[in-house]
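Me: I would like to learn how to read aromatic ring pairs in a protein model. Could you take me through it with an example?

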Amino acid sequence: MRTDARRHHDPEVRGFASDNYAGVHPEILAAIALANGGHQISYGEDEYTDHLQRVIHSHFGADAQAFPVFNGTGANVVALQALTDRWGSVVCAETAHINVDEGGAPERMAGLKLLTVPTPDGKLTPELIDRQAWGWDDEHRAMPQVVSLAQNTELGTVYTPDEIRAICDHAHQLGMKVHLDGARLANAAASLDVPMRAFTNAVGVDVLSYGGTKNGMMFGEAVVVLNPDAVRRMKHIRKMSMQLASKMRFVSVQLEALLAKDLWLRNARHANAMARRLADGVSAVGGVEILYPVQANAVFARLPHDVSERLQKRYRFYFWDEAAGDVRWMCSYDTTEDDVDGFLAALKEEMSR
């Protein structure tokens, strides 16, 4: 197949900045090609989106319904809109992605209020939720209607099924609903060695934002409604939020390729294993402190600022808290042992200067 496009990057360059930096998994590219050709009904009435529902049922139960969207922020905004009234608010961790990494989209686009709670490890508890879950009859305060948690958290920590069950039970007793930001849901399942249903629909989560891009897809995520009684007019909200893909088959077939068998789990297990290899190597380097338990595919560390700046010239990664010297290193489905070992060698060199 001829193309006038040209490669504009060096495919040998590797880094630890984000699992979004990785390319598209070959099986995903093959699926997109498979779905190409011929005509299919647009806006989700195609055969691929229809079949995706059966794949979703196999993971999340017969009541689950998937609404493919373009990206993770879109998934979260659509999901939270469907769960709240115009006067509603959402309780979340202070470090939650919806609070610190989505440019104010949940508040600006969804028109809701985020009520944040500081946490030591990115994880909410019923007791922490109660710091903001009050004042339902106070017209001067945005009404708490939803608890939003992330699995994994933004600090790379993972909730157990029992921890999520306790949150869901508590939220439902308060008359609130539960949203789970699952941008890295597969990594959590791989870490816990349980099916994704074990900490979603089985423990009371109402709506899930399912992430595929960080796990090998080209683009696309899905809002998965686990409790149909918890939401209203999802199709209309998705359209109004500019997240309705006209050629939806190319999002749906990627999700099918990821979820129909075990690609989602293979990719997540590999990324987690590379993060564990990285953390084990870092632990042996004097002067570098690992900040949080390494439970998925992220390693958070603290090291001298000047070392990080020199190291960034060799491998791309981000500061998490530059003033404190905290950094984040992410592994992806295509991170290799050589990538990790090369980075560790570079780290040791820079620490010894």
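Reply: Gladly! One term to begin with: a residue is buried under 20% relative accessible area, exposed over 50% and partly exposed in between, using a 1.4 Å probe and protein chains only. This is a predicted model, where local features need pLDDT of at least 70, side-chain atom pairs count only at pLDDT 80 or more, and totals for chains, interfaces and linings use all residues. Residues are numbered from 1 along each chain as its sequence is written, and side-chain values use heavy atoms, leaving out hydrogens and water.

Me: What describes a pair of aromatic rings?

Reply: The distance of the centres and the angle of the planes. Rings of Phe, Tyr and Trp (its six-membered ring) pair if their centres lie within 6.5 Å; planes under 30 degrees apart are stacked, over 60 edge-to-face, and the rest tilted. Here that rule gives 10 aromatic pairs. Take Phe-317 and Trp-329: their ring centres are 6.0 Å apart and the planes meet at 85°, so this pair is edge-to-face.

Me: Are Phe-317 and Trp-329 buried or exposed?

Reply: Phe-317 is buried, with a relative accessible area of 2%, and Trp-329 is buried too, at 0%.

Me: How do the rings of Trp-329 and Phe-343 sit?

Reply: Their centres are 5.1 Å apart with planes at 75°, so they too are edge-to-face. Both Trp-329 and Phe-343 are buried.

Me: Which residues form one aromatic cluster?

Reply: Phe-16, Tyr-315, Phe-317, Trp-329 and Phe-343 form it together.
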